[in-house]
Every structure is written in structure tokens, then in C-alpha cells.
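Reader: Please take me through this structure one question at a time. Which words do I need before we start?

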Amino acid sequence: MRSAKLYQYQLPMDSGVILRTQRLVNRDGWIVELKDGECTGYGEIAPLPEFSHETAEQAGEQAKALLAQWVAGEAWDLESAIPSVAFGLSMAAMTLAGELPEDGNYQVAPLCAGDPDDLVIALNEMEGEKVAKIKVGMYEAVRDGMVANMFIEAIPGVRLRLDANRQWTPLKAQQFAKYVKPEHRGGIAFLEEPCMNPADSLAFAQETGISIAWDETVRDEGFEVKAEPGVAAIVIKPTLVGSVARCIDLIAQAQAVGLVAVVSSSMESSLGLNQLARLAAWQTPGVIPGLDTMQLFMAQLEMPWPGCELPVTSLASLPVVWQA
Ligand SMILES: O=C(O)CCC(=O)C1=CC=C[C@@H](O)[C@@H]1C(=O)O
Ligand SMILES: [Mg+2]
């Protein structure tokens with residue numbers, strides 16, 4: 001006997017969260033609950049403004065239609081559903097079936113979008129591999145180069161993940177590289193998407209010896225996973241990519257050609273983030289996932305994130321906008 005519910009959530013964000021051109025005041029999304037006999041599964045559907053092509057409203061409408069099919073016992077075609085819906089529904093089905101292992105990788109790459117000094121403290125306290133993620137491309141390329149140098153000098157063995165979100169022209173990318181001393185370039189695990197054009201990013205990696213990672217490019221039409229000189233990793237954001245099966249397939253393809261696959265957040269609530277930590281532990285063992293986004297919120301949802309002291313909103317307190 002199957003039943004399903006769709007909850008609507010809105011969580012307040014920290015005041016400084018900017019996505020590309022807009023401030024994100026609240027995070028809006030949906031939580032799917034699937035029940036079959038004694039078993040329950042949850043999934044989160046939360047298109048990320050400026051990154052997802054669909055809006056939360058569109059995702060909610062499609063989710064309701066697909067949930068009605070599921071309750072009626074009809075087959076789902078999640079591969080043609082919009083990415084956030086495909087991810088949330090497939091994750092709900094997977095947890096319902098008990099197929100997502102419980103253990104999570106909660107060791108995150110601390111994210112620095114503000115004061116670099118805060119990150120130095122976090123890294124000094126970090127045990128094991130010291131990996132951090134720094135946003136670049138927002139200020140002068142020269143400043144970004146100096147910040148990278150500073151971290152690499154201050155923290156022995158650090159592996160930086162930098163992210164330019166395609167903000168640099170090839171010239172600016174070169175200016176950045178010029179400020180990172182050649183002997184420090186190995187301290188950059190990878191730089192995500194330096195240039196608008198992937199071919200320019202690839203040329204940059206090959207000319208400078210700074211490895212790059214694909215993030216936005218993974219979602220471009222016609223993207224194929226392949227090993228190329230200068231490419232170290234691919235970043236997988238399931239909410240933007242699609243079903244869990246599609247994410248697992250991409251991860252397997254990356255691993256098969258020797259690329260690192262990094263599971264990363266699209267600023268899901270703590271519920272979705274916990275599931276991503278479990279997906280990461282299972283499918284990308286030994287790789288620190290890019291999940292340090294709880295700090296951008298002012299509240300958690302139902303499942304607390306380890307060590308996070310933000311108040312937790314319960315699922316039971318949310319409006320159920322659809323059920324069957
Ligand atoms: O990848 C991580 O470590 C954290 C997530 C993260 O950096 C991002 C998530 C969603 C949108 C962007 O702001 C940003 C990214 O571009 O990778
Ligand atoms: Mg990125």
C-alpha cells in the first residue's frame with residue numbers, strides 16, 4: 001500500500017549569501033515522503049536560483065504529477081524529469097528501499113567566501129588531509145593569486161580547491177597564475193572553471209600547470225567524461241545533475257578514467273545535505289565532498305548536520321501541499 005506527501009519548506013539564509021547576481025534571502029524547496037507498508041523514504045527537491053534552469057514552482061508541479069504516478073503504481077521516467085525533481089524523487093525511492101548506506105562522510109572541505117583568516121583557523125584545526133575551498137574571481141585576479149599563495153605558505157600540505165565560476169577572461173586567469181609561485185601550484189588540488197569557455201580553461205591548465213575541475217561544464221549539453229591533460233576532477237551537484245543513478249554513472253565514468261569525482265552541495269537543507277554525505281561516503285570513498293554549506297543557513301531541517309547548532313525545523317511543522 002503506497003502513499004506519498006509533498007512538504008513545502010522555506011529556510012532563512014545567512015545575510016551574506018550571494019548567488020551570482022542575487023542575494024539569497026530564503027532557501028525554498030520541497031521534501032518528498034514516500035511510504036510503502038512499513039517503509040518510508042525522503043528526498044529533497046530544491047532548484048538553486050541562478051544555477052538550476054527550473055524554478056521551485058515548476059519543480060513542485062512536476063513532482064506532484066510524478067508522485068501521483070508512483071502512488072498509482074505506474075512506472076517513473078526520471079531520466080526525462082527536470083534535474084532537481086529527478087534527484088529528489090530517486091533519492092526518496094532509494095532511501096525507501098534501504099539502498100542508501102547509513103554511513104556518511106561528514107568531513108567537509110571548509111568553504112571560504114569571506115575572510116581568509118577564518119579559514120586559516122579552520123584548517124589549522126582540521127585533522128587528516130587539509131582541504132579547503134576558496135571562491136575566486138570576485139575581486140582582482142591578483143588578490144586571488146596572493147590569497148592562494150598565502151594559504152599554501154601558511155599551511156603545510158594544504159590542498160586548495162579554488163572556484164572561479166567561469167568569471168575570468170583568459171587574460172585575468174593568466175594574471176592570477178602569475179601571482180601563484182610555480183613551486184606553489186601543486187598546493188592547488190584544482191581550480192574549478194576558470195574561464196567562460198571550457199576550451200580556454202583547458203588551455204590555461206596546460207599552460208600554467210594548475211589543474212582544473214569541471215563543474216558548470218558537467219551540466220553543459222554534450223558533456224562527456226574524459227581524461228585530458230590538466231583536468232583533475234569533476235564536481236557533481238546532484239540537484240543540478242539529476243537522478244541518483246545518473247550521478248552514480250558519472251562518478252563511475254570519472255573514476256574509470258582516473259579523474260577525482262567530488263560530490264558537492266547545491267545548498268540543500270540539512271536533510272538533503274545528510275543524504276549527500278551518505279552518497280559521497282558510498283560512491284566517492286576517500287574523497288572529501290564539497291558540502292560545507294550548512295553555515296550559509298540560519299536553520300536546519302529535520303535531520304541535524306553533525307556539529308551544527310542551528311535550530312532544527314521539524315518536517316511535521318511544514319505545510320503538506322500535496323498527498324495521496
Ligand atoms: O562545492 C563546495 O564545496 C560547496 C558548494 C559550492 O561551492 C557551490 C554550491 C552552489 C553554487 C555555488 O555557489 C558553489 C559552486 O559554484 O560550486
Ligand atoms: Mg563550482
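Author: Buried means under 20% relative accessible area, exposed means over 50%, and partly exposed is what falls in between (1.4 Å probe, protein chains only). This is a predicted model, where local features need pLDDT of at least 70 and side-chain atom pairs pLDDT 80 or more, while totals for chains, interfaces and linings use all residues. Residues are numbered from 1 along each chain, chains are lettered from A and ligands numbered from 1 as written, and side-chain values use heavy atoms without hydrogens or water.

Reader: How many of the six residues of β11 are buried?

Author: Strands (E, at least two residues) and helices (H or I, at least four) are DSSP runs, numbered from the N terminus. Strand β11 covers residues 231-236. It is largely enclosed by the rest of the structure, because the number of its six residues that are buried is five.

Reader: In what order do the seven strands form the open sheet?

Author: Strands pair if DSSP finds at least two bridges between them. The pairing in this sheet is parallel. Its edge strands, β6 (111-112) and β12, each pair on one side only. The order is β6-β7-β8-β9-β10-β11-β12.

Reader: Which residue stands opposite Val-231 in β11?

Author: Strand β10 covers residues 212-214, and three bridges join it to β11. The two strands run parallel. Opposite Val-231 stands Ile-212.

Reader: Which residue in β9 is the bridge partner of Asp-163?

Author: Asp-163 belongs to strand β8, residues 159-163. Four bridges join β8 to β9 (residues 188-192), and these strands run parallel. The partner of Asp-163 is Glu-192.

Reader: How many salt bridges does a search of the whole structure find?

Author: A salt bridge has a side-chain nitrogen of Lys or Arg within 4 Å of a carboxyl oxygen of Asp or Glu. One of these joins Lys-133 to Asp-163, with the closest N and O atoms 3.1 Å apart. The search over the whole structure gives 12.

Reader: How many residues apart in sequence are the parts that Lys-133 and Asp-163 tie together?

Author: Lys-133 is buried, at a relative accessible area of 11%. Asp-163 is buried too, at 1%. Lys-133 lies in strand β7 (residues 131-135) and Asp-163 in β8, so their pair ties together parts whose separation in residues is 30.

Reader: Which residues are linked with Lys-133 in a network of salt bridges?

Author: Lys-135 forms a salt bridge with Asp-163, and the closest N and O atoms are 3.1 Å apart. This pair links strand β7 to strand β8 over 28 residues. Lys-135 is partly exposed, with a relative accessible area of 25%. The network links Lys-133 with Lys-135, Asp-163 and Glu-192.

Reader: Are Lys-237 and Asp-215 buried or exposed?

Author: These residues form a salt bridge, with the closest N and O atoms 2.6 Å apart. Lys-237 sits in the loop between β11 and α7 (238-241), and Asp-215 in the loop between β10 and β11, 22 residues apart. Both Lys-237 and Asp-215 are buried.

Reader: Which residues come nearest to ligand 1?

Author: A residue is near a molecule if one of its heavy atoms lies within 4 Å of it. Around ligand 1 there are 15 residues. Of these, the nearest are Lys-133, Asp-163, Asn-165, Lys-237 and Ser-264.

Reader: How far is a polar side-chain atom of Lys-237 from an oxygen atom of ligand 1?

Author: A polar contact is a pair of N or O atoms within 3.5 Å. The side chain of Lys-135 has an N or O atom 3.2 Å from an oxygen atom of ligand 1, and a polar side-chain atom of Asp-215 also lies 3.2 Å from such an oxygen. For Lys-237 the value is 2.6 Å.

Reader: How far is the sulfur of Cys-308 from the closest cysteine sulfur?

Author: A disulfide needs two cysteine sulfur atoms within 2.5 Å, and a search of the whole structure finds zero disulfides. Cys-112 is in none, and at 5% relative accessibility Cys-112 counts as buried. The sulfur closest to that of Cys-308 is in Cys-112, too far for a bond because the distance is 18 Å.

Methods. Polar contact = N/O pair within 3.5 Å; in protein donor to acceptor, adjacent residues only side chain to side chain.
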